[in-house]
Amino acid sequence: MTLLKTLWIRSSFILLLFSLLIFEISCSSDPETIVEEIVQEDPTTDQDEDSADDTSGDDTSGDDTSDGEGTVSSNCPQGGTTFFSESNGLISVEFENTAFNGDWELRNDADDVSGDGYMVWTGQQRLNQPGEGKATFLIEITTTGTYQFLWKSAFRMGDNGTEHNDSWLRFPDADDFFGEKGNGSIVYPKGSGKEPNPEGSSSDGWFKIYRSGNNASFVWQARTSDNDAHDIFVTFSEEGIYTMEVSARSSFHGIDRFLLFNKDSFTRQEALGMADSFSAQSDCN
Ligand SMILES: [Ca+2]
């Protein structure tokens, strides 16, 4: 009996120890599970916070965009009270749709002009003195890049296409303003601090912009550098409202309208095909 009792007590003790061991393992696994759950929850919480941050970030950028548009519209450079808005890389404007002073006259005695007609300088010629009778056009750019400039103009005196065929043009706050021809030759206005400069007259950042040919009609053409025709380009590196200035050079040079088109988006012909979509004109705030 004593032996059996001893064996029973030992068996019971071993069973108790085993039970305690199982219990301890079971208990010790619970905290690990909780820790794991916490660890698993943490990234979820972080992701939610990140998502919330991203969302608020989007909201903020959305506000910035609308604020930015408002800021662009209300910060016109001096010299104008309205601005023309570029759309999809195009700016198309009737030349007579800004304020003029001096001896510019609005005329409408030609069949091939649009809008209210064309402007013509009837005052003294300013062959080497840009700035007289300065007209300003403000242009709002949202598609940055380099644009080619064209205007539709005619000589309105005599029958010699080398006279009464040019006016002065300048973009004083653009990032670059230059003439370029097919062979890669580039010229910059005198006074811009850049070289080479065009043949013929140029000064204080102004290019003489001429049209060629004895065809008396209004034609789309804008070039600089005498006997070395370079097309005209202007670069706008940031969104904003820029200044374009035209001043008198030859008398009786009639200008009907002008066009700027992003050179990376359109060929000349494509741009001219869309030129009748005139740019919206808005008041500066
Ligand atoms: Ca016109």
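How many helices and strands are there in the protein? I count two helices and 17 strands, taken as DSSP runs numbered from the N terminus (helices H or I, at least four residues; strands E, at least two).

Ground rules. The model is predicted; local features need pLDDT of at least 70, side-chain atom pairs count only at pLDDT 80 or more, and totals for chains, interfaces and linings use all residues. Residues are numbered from 1 along each chain as its sequence is written.

Burial. I looked up the buried share and found 30% of the 285 residues. Buried is 20 or more other C-beta atoms within 10 Å of the residue's own, exposed is 12 or fewer, and partly exposed is in between, with C-beta atoms placed from the backbone.

I then listed contacts of Ile-139 (C-beta atoms, placed from the backbone, within 7 Å): leaving out residues up to four places away in sequence, Ile-139 touches Phe-83, Phe-84, Glu-86, Ile-91, Ile-241, Tyr-242 and Met-244.

Strand 8. I checked the pairing of strand 8 (residues 176-180), where pairing needs at least two DSSP bridges. Strand 14 (residues 230-236) runs antiparallel to strand 8 over five bridges, and Phe-178 has Phe-233 as its bridge partner there. Strand 9 (residues 186-187) is also antiparallel to strand 8, over two bridges, with Ile-186 as the bridge partner of Glu-180. Strands 8 and 9 form a hairpin with five residues between them, and Gly-184 in the turn has a positive phi of about 95°.

Key
Contact = placed C-beta atoms within 7 Å.
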